[in-house]
Amino acid sequence: MVDRAALAATVLRRCDELAAFSEVPGQLTRRSFSPPMHDVHNTIAQWMRAAGMTVRRDSVGNLIGRYPARQPDAPVLVIGSHLDTVPNAGRYDGVLGVMLGLALVEALGGRRLSYALEVVGFMDEEGVRFAVPFIGSRGYVGALPSDWLTRSDVDGITLREAITSFGLHAHNAGGQAALPDQALGYLEFHIEQGPVLERAGLPVGVVEAIAGATRAQVTFHGRAAHAGTTPMTARHDALAGAAAFILAVERRAQVTPGLVATVGQVTVLPGASNVVPEATHLALDVRHADDGVRNDALVALQADAEEIARSRGLRVTWTIVADVPAVRLDPQFVALLEAATREVGVPVRRLVSGAGHDAMILAQYLPAAMLFLRCAEGISHHPDERVIVDDVATALHVGQVMLDLLDQRLTAAQAQG
């Protein structure tokens, strides 16, 4: 009999331990291919081996633990999430899902299923270092764009160089899938990163869809001038134009149901207090569960940017750096997760995720489902990110039941020939 409360406490303790591996003292910041990621991999690999798993890394540095089935050459259920973080992050976003996958293997206590389990810690989901998301999961399925290898981080290090410095061979990075040939499906546990479950008083919820997301680099080009000698009427201030656009982004999102749009990064050049800004780079993020609505909003926002630039004597450039379509998760896999939730005694609440997840990529290649865990006040991407041990135990219970239901179905199908 598994002591789920104790195992859930172990999951949270492990999240605490992994949070100590950071690039920045006093906070949790862990970008892909950074030295602290080596520490994370080494630590998790020890736990995986102790649970009876074999461990490897693929061509883009995803950490993969395999727990064998009763028979060789059996199909594989993939359970995963990511190990990288945003700057000054909380300790559960991504990592909790990997630790729950490991805990499910440990809960088996050596028992074998009719299928193997593969627990994956994806290298880069957030897209913080190279400004493009899902590097890990794209590489896992063999769909990493080759031109991404030349993308550079803020220090001028390319993705190819980062992969090499991590001890991997970059010549085939992302071109050869690590995804098992006989993959049954993909299951991801993740904190909700929103307030819906907490407001509903529910520990977990079943995700049925993930909103599509577009990231764009928008740059307003003006003309540098002396801040003390240039009249206000003679200025071509790139930052002022960018500020007007940021407010336009906010207004358009406020009047479009379901749309969220954010400018989360601003770089001003030359960046001196006594110089009128010559250029301002903006990182724009636009999301909606309906790709049509999202695309219409992007067209409108680009028109807004061009009109603002024209009215202020500026020039604007617009580059799409990532575009991920909305994803509906597999109905049968979602139904199986719902059945497991009901069996545990939790009312089923379906959710649409506004945040992107590795499941968006995996769902394009195999059946996928996600279980959200309640997080305090919906806070995420922040040190105050919190979950409670009882909710982790509930998620673990749901996962156990789903594994058993899947095992029963597969065993019955095999018996029928």
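Reader: Which residue in β5 is the bridge partner of V76?
Author: A183 is the partner of V76. Also in β5, L187 is the bridge partner of I79. The model is predicted: local features need pLDDT of at least 70, side-chain atom pairs count only at pLDDT 80 or more, and totals for chains, interfaces and linings use all residues. Residues are numbered from 1 along each chain as its sequence is written, and side-chain values use heavy atoms, with hydrogens and water left out.

Reader: What makes β3 and β5 count as paired?
Author: Two strands pair if DSSP finds at least two bridges between them. β3 and β5 (residues 183-191) have 4 bridges, in the parallel sense. The two strands therefore meet the rule. Strands here are DSSP runs of E, at least two residues; helices are runs of H or I, at least four; both are numbered from the N terminus.

Reader: Which other strands join these two by bridges?
Author: β4 (residues 116-122) runs parallel to β3, with 7 bridges between them. G80 has its partner there, V120. The chain goes from β3 through α3 to β4, a right-handed β-α-β crossover. The term means that, with the strands pointing away from the viewer, the path from the first strand over the helix to the second runs clockwise.

Reader: What makes β3 mostly covered?
Author: 7 of its 7 residues are buried. Buried means under 20% relative accessible area, exposed over 50%, partly exposed in between (1.4 Å probe, protein chains only). In a regular strand, side chains alternate between the two faces of the sheet. On one side of β3 lie V76, V78, G80 and H82; on the other lie L77, I79 and S81. β5 is mostly covered as well, with 7 of its 9 residues buried.

Reader: Is D155 buried or exposed, and how do you know?
Author: Its relative accessibility is 57%, so D155 counts as exposed. D155 sits in the loop between α4 (135-140) and α5 (159-165).

Reader: How do you know that the span of α8 agrees with its number of residues?
Author: The expected span is 1.5 Å times one less than the number of residues. For the 21 residues of α8 (residues 291-311) that gives 30 Å, and the end C-alpha atoms are 30 Å apart, so the two agree.

Reader: What caps the N-terminal end of α8?
Author: D290 does, with a side-chain oxygen 2.7 Å from the backbone nitrogen of G292. After α8 comes G313, whose phi is positive, near 70 degrees.

Reader: What covers the buried residues of α8?
Author: The cover includes β7 (212-221), α7 (238-254), β11 (279-288) and β12 (315-324). Among the buried residues are R294, L298, D304 and I308.

Reader: What makes a set of residues a nonpolar core?
Author: Its members are buried Ala, Val, Leu, Ile, Met, Phe, Trp, Tyr and Cys residues, joined through side-chain atoms within 4.5 Å. The largest core has 109 residues, and L96, L117 and Y140 touch the most other members. Its largest share, 11 residues, comes from α11. Apart from it lies another core, of 24 residues, including A242 and A297.

Reader: Which residues does L117 contact, leaving aside neighbours within four places in sequence?
Author: Contact means heavy atoms within 4.5 Å. The partners of L117 include V76, L77 and I79, as well as V105 and L403.

Terms used. A polar contact is a pair of N or O atoms within 3.5 Å; within protein, one must be able to donate a hydrogen and the other to accept it, and residues adjacent in sequence count only if both atoms are side-chain atoms.
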